[in-house]
Amino acid sequence: MIFVTGGAGFIGANFVLDWLAQSDEPVLNYDKLTYAGNLNNLASLKNDSRHVFVQGDINDNAQLCALFFEYQPRAIVHFAAESHVDRSILGPAAFVTTNVNGTFALLEAARTYWQSLEGDEKSAFRFLHVSTDEVYGTLGADDAPFSETKAYAPNSPYSATKAASDHLVRAYHHTYGMPVLTTNCSNNYGPYHFPEKLIPLMITNARAGKELPVYGDGLQVRDWLYVTDHCSAIRRVLESGKPGETYNIGGWNEQTNLSVVHTLCELLDELQAKPEGSYKDQIRHITDRPGHDRRYAIDARKIEKELGWTPQETFETGLKKTVAWYLANDSWTKQVQSGEYLQWVALQYNEEEQA
Ligand code: NAD
Ligand code: DAU
């Protein structure tokens with residue numbers, strides 16, 4: 001079986017669903033269920049014995065060790081993290097606790113277990129660490145996209161803690177020989193995306209008749225990848241990646257935030273027109289994010305050439321699927337927009353001054 005951390009969050013849940021749609025190999029899904037974790041994401045697996053869920057914190061080294069020895073996973077795929085940049089600006093402590101200390105505790109438990117293995121089981125074991133392109137910092141308009149050899153230059157508390165975790169993972173290979181793999185991916189979008197992030201926030205705000213808050217001039221650039229393409233890349237790296245290597249994952253799909261918001265409004269105008277006007281009328285420019293990275297772009301040639309992976313969705317097809325999913329899943333959105341979500345929105349947006 002494989003052991004997944006963070007499998008009730010956005011990418012982790014998509015990964016578990018995708019994994020079990022393609023293979024009968026069971027998944028042990030370990031997640032603390034913070035505000036971002038939601039077992040409703042996995043409702044379709046309710047009676048599926050291939051999915052075992054355990055609620056727990058990756059800082060709990062003793063529980064992790066016990067689970068590893070009980071279930072004997074052949075691989076660990078590590079998604080669990082605090083993942084939202086804006087939250088890391090308002091409250092960085094949780095990011096250090098989970099992303100740095102938690103990854104360390106998980107690595108230690110994995111090392112204890114891996115060192116107890118022998119022969120083929122030991123050499124075939126993998127620890128796959130899911131990371132982000134944000135560790136590389138920001139790009140100028142004419143800079144080459146991030147390659148795997150780009151020096152780390154994280155700019156937010158979120159990216160700094162992810163960078164620290166990447167370094168720990170690297171050290172466990174270099175020092176102990178643990179067979180680790182690291183992936184650094186660009187911005188994901190798709191079903192089950194928590195509506196604090198740009199794309200689901202814009203879809204849900206537009207439909208609720210609320211403002212569409214664009215930070216600063218909205219000309220920051222992100223490189224968007226449909227979530228199931230990220231999942232297929234992780235599967236490929238797990239299957240064929242070389243231990244100790246890192247792989248950048250991206251969609252060759254750079255877009256300004258404003259252009260993403262305009263496209264979303266146009267899709268909504270088409271699929272669920274307002275009585276009058278366009279959803280674009282709801283766009284409002286607000287104060288910029290402090291330390292906002294201007295541009296991310298991924299050079300994905302290594303994973304393409306060495307592992308033969310390429311994305312299947314274009315931005316057009318992926319965004320259409322995403323908007324259609326949110327239109328068809330109002331009850332999911334209502335459930336996640338709970339008390340905690342409302343508090344976050346009040347803190348992050350209601351106190352904003354107009355730019
Ligand atoms: P998410 O915030 O949607 O989900 C994170 C999950 O981790 C949640 O289910 C949460 O309950 C769980 N979790 C948090 N703290 C935990 C702890 N201490 N112990 C156990 N579980 C804990 O995040 P996501 O967007 O799905 O991102 C998943 C991973 O992918 C993260 O490591 C993130 O850095 C990375 N990543 C995300 C993106 C993106 O665009 N979302 C892009 C590249 C990389
Ligand atoms: O690049 C990968 C990263 O992408 C992941 O590692 C992170 O976990 C993930 O959250 C994401 O980080 P971003 O900061 O790029 O994503 P977010 O959706 O928060 O913002 C995307 C862009 O949109 C960014 O430039 C900020 C802007 N934005 C965001 C929000 C929430 C707005 O203009 N208004 C908003 O209200």
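This is a predicted model: local features need pLDDT of at least 70, side-chain atom pairs count only at pLDDT 80 or more; totals for chains, interfaces and linings use all residues.
Local features need pLDDT of at least 70 and side-chain atom pairs count only at pLDDT 80 or more, while totals for chains, interfaces and linings use all residues; side-chain values use heavy atoms, with hydrogens and water left out. Residues are numbered from 1 along each chain as its sequence is written, and chains are lettered from A and ligands numbered from 1 in the order in which they are written.

**View 1. Helix α4 beside helix α6.**
Here you meet helix α4, residues 93-116, packed with helix α6, residues 157-176. Helices (H or I, at least four residues) and strands (E, at least two) are DSSP runs, numbered from the N terminus. The angle between α4 and α6 is about 15°, and their axes lie 8 Å apart. Axes are lines fitted to C-alpha atoms, for helices over the stretch in contact, and angles run from 0 to 180 degrees between N-to-C directions. The two helices α4 and α6 are therefore roughly parallel; angles under 35 degrees count as roughly parallel, over 145 as roughly antiparallel, 65 to 115 as roughly perpendicular and the rest as oblique. The crossing of α4 and α6 is right-handed (a crossing is left-handed if the near helix is turned anticlockwise from the far one by less than a right angle, and right-handed if clockwise). Residues in contact (heavy atoms within 4.5 Å) include F95, F104 and W114 in α4, and Y158, L168 and Y176 in α6. The contact of α4 with α6 is made up of 12 nonpolar, 5 polar and 3 charged residues. In this count, Ala, Val, Leu, Ile, Met, Phe, Trp, Tyr, Cys and Pro are nonpolar, Asp, Glu, Lys and Arg are charged, and the others, Gly among them, are polar.

**View 2. The surroundings of ligand 1.**
Look around ligand 1 and you will find 29 residues, of which I11, D31, S83, Y158 and K162 are the closest. A residue counts as near a molecule or strand if one of its heavy atoms lies within 4 Å of it. A polar backbone atom of F79 lies 2.9 Å from an oxygen atom of ligand 1. Polar contacts are pairs of N or O atoms within 3.5 Å; within protein, one must be able to donate a hydrogen and the other to accept it, and residues adjacent in sequence count only if both atoms are side-chain atoms.

**View 3. The surroundings of ligand 2.**
Around ligand 2 there are 24 residues, and D133, Y158, R289, H292 and Y349 come nearest. The side chain of T132 has an N or O atom 2.7 Å from an oxygen atom of ligand 2. N187 places a polar side-chain atom 2.8 Å from an oxygen atom of ligand 2. With P213, a backbone N or O atom lies 2.8 Å from a nitrogen atom of ligand 2.

**View 4. Helix α1 across helix α8.**
Helix α1 (residues 10-22) packs with helix α8 (residues 227-240) at about 65°, the axes being 9 Å apart. That angle makes α1 roughly perpendicular to α8. Their crossing is right-handed. Among the residues that meet are F10, I11 and W19 in α1, and H230, I234 and L238 in α8.

**View 5. R50 in its loop.**
R50 sits in the loop between β2 (27-31) and β3 (51-55). Leaving out residues up to four places away in sequence, R50 touches L20, S23, D24, P26 and V27. A polar atom of the R50 side chain lies 2.9 Å from the backbone oxygen of L20, and one lies 3.1 Å from the backbone oxygen of S23.

**View 6. Helix α7 with helix α11.**
Helix α7 (residues 198-207) and helix α11 (residues 315-328) pack at about 50°, with axes 11 Å apart. The pair α7 and α11 is therefore oblique.
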